[in-house]
Amino acid sequence: MCEKCATTGRTSLSRRGFVTGIAGLAAASMALPGLAMAEQAGTPQNAISPSDALKRLLEGNERYASNQVEPRDNSAGRAARTLGQHPIAAILSCADSRVAPELAFDQGPGDLFVVRVAGNIVSPDGLASLEFGVKFLSTPLVMVLGHTSCGAVNAAISTVRDDAVLPGHLPGLINAIEPAVIAAKANDPKDLLAEATKENVRLTQKALVKGSAIIAEAADAGRIEIVGGVYDLATGRVAML
């Protein structure tokens, strides 16, 4: 077989395997909640309202910021978690190493469905992941989480203000943040980085609804709520927008 044919064959097989895997994962996710309920003899933890899910996150964040986190044995419940997952929230967060949603909200394994990408932007893969969380895991809350001193937002400011040229694939990522910088800059804020960070969260919230019929329909039906917040690196607290 020629090298080109072999490469094409591998690509085709990889794609078929990916589609088959996703289909199987979706089917399993629809079946597993019933198994998990039988195992735990109770209601899944995410069978709550969006407001209750947000309340749980904010209470956890207050514990974290106050250095009073709940003692937790992360090994407990491992067997039960093999039967399924019931996260109370899906979080689109920046990939910044200083931001860890499970820690910031004092949650344990299986509690959060986290998608991370620099600048907490909406990418095709990230959007598909959030759709999976909403459609098949029944997460009642979707949060877009920005943070102070965000390097991705600061880079977008540099490209808008100084025409900075970035290497590699960075321009594609930064281009997605530039509209937030332009919108924030129009208001002539004292702290452009802080305001652009907030605007980026707001625009990302809108992009989730605009880009996904699955998420939009769930929001319209009241099954989920889409919220935005900014994590303060200095204090550990999340301010809701």
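These notebook entries record what I looked up in a predicted model.

**Entry 1: His-147.** I located His-147 in strand β3, which covers residues 141-147. I next listed its contacts, leaving aside neighbours within four places in sequence. His-147 is in contact with Cys-94, Asp-96, Arg-98 and Val-99, and also with Thr-197, Val-230, Tyr-231 and Leu-233.

**Entry 2: helix α6.** I compared the span of α6 (residues 151-162) with expectation. Its twelve residues, at 1.5 Å a residue, should span 16 Å, and the end C-alpha atoms are 16 Å apart, so the two values agree. I looked up burial along the helix and found Ala-152, Val-153, Ala-155, Ala-156, Ile-157 and Thr-159 buried. The cover over these buried residues includes α7 (170-175), α8 (178-185) and α9 (192-211). Just after α6, I noted that Asp-163 takes a positive phi of about 55°.

**Entry 3: nonpolar cores.** I found that the largest nonpolar core has 34 residues. Those with the most contacts inside it are Leu-130, Val-142, Leu-173, Ile-177, Leu-208, Ile-215 and Ile-224. Helix α6 gives the most to this core, with five residues. Apart from this core lies another, of 16 residues, among them Leu-54, Ile-91, Ala-104 and Val-227.

**Entry 4: Ile-224.** I followed one of the core residues with the most contacts, Ile-224. Leaving aside neighbours within four places in sequence, I found Ile-224 in contact with Pro-50, Val-134, Thr-139, Pro-140, Val-142, Ile-215, Ala-218 and Ala-219.

Conventions. Residues are numbered from 1 along each chain as its sequence is written. This is a predicted model: local features need pLDDT of at least 70, side-chain atom pairs count only at pLDDT 80 or more; totals for chains, interfaces and linings use all residues. Side-chain values use heavy atoms; hydrogens and water are left out. Helices (H or I, at least four residues) and strands (E, at least two) are DSSP runs, numbered from the N terminus. Contact means heavy atoms within 4.5 Å. The expected span of a helix is 1.5 Å times one less than its number of residues. Buried means under 20% relative accessible area, exposed over 50%, partly exposed in between (1.4 Å probe, protein chains only). A nonpolar core is a set of buried Ala, Val, Leu, Ile, Met, Phe, Trp, Tyr and Cys residues joined through side-chain atoms within 4.5 Å.
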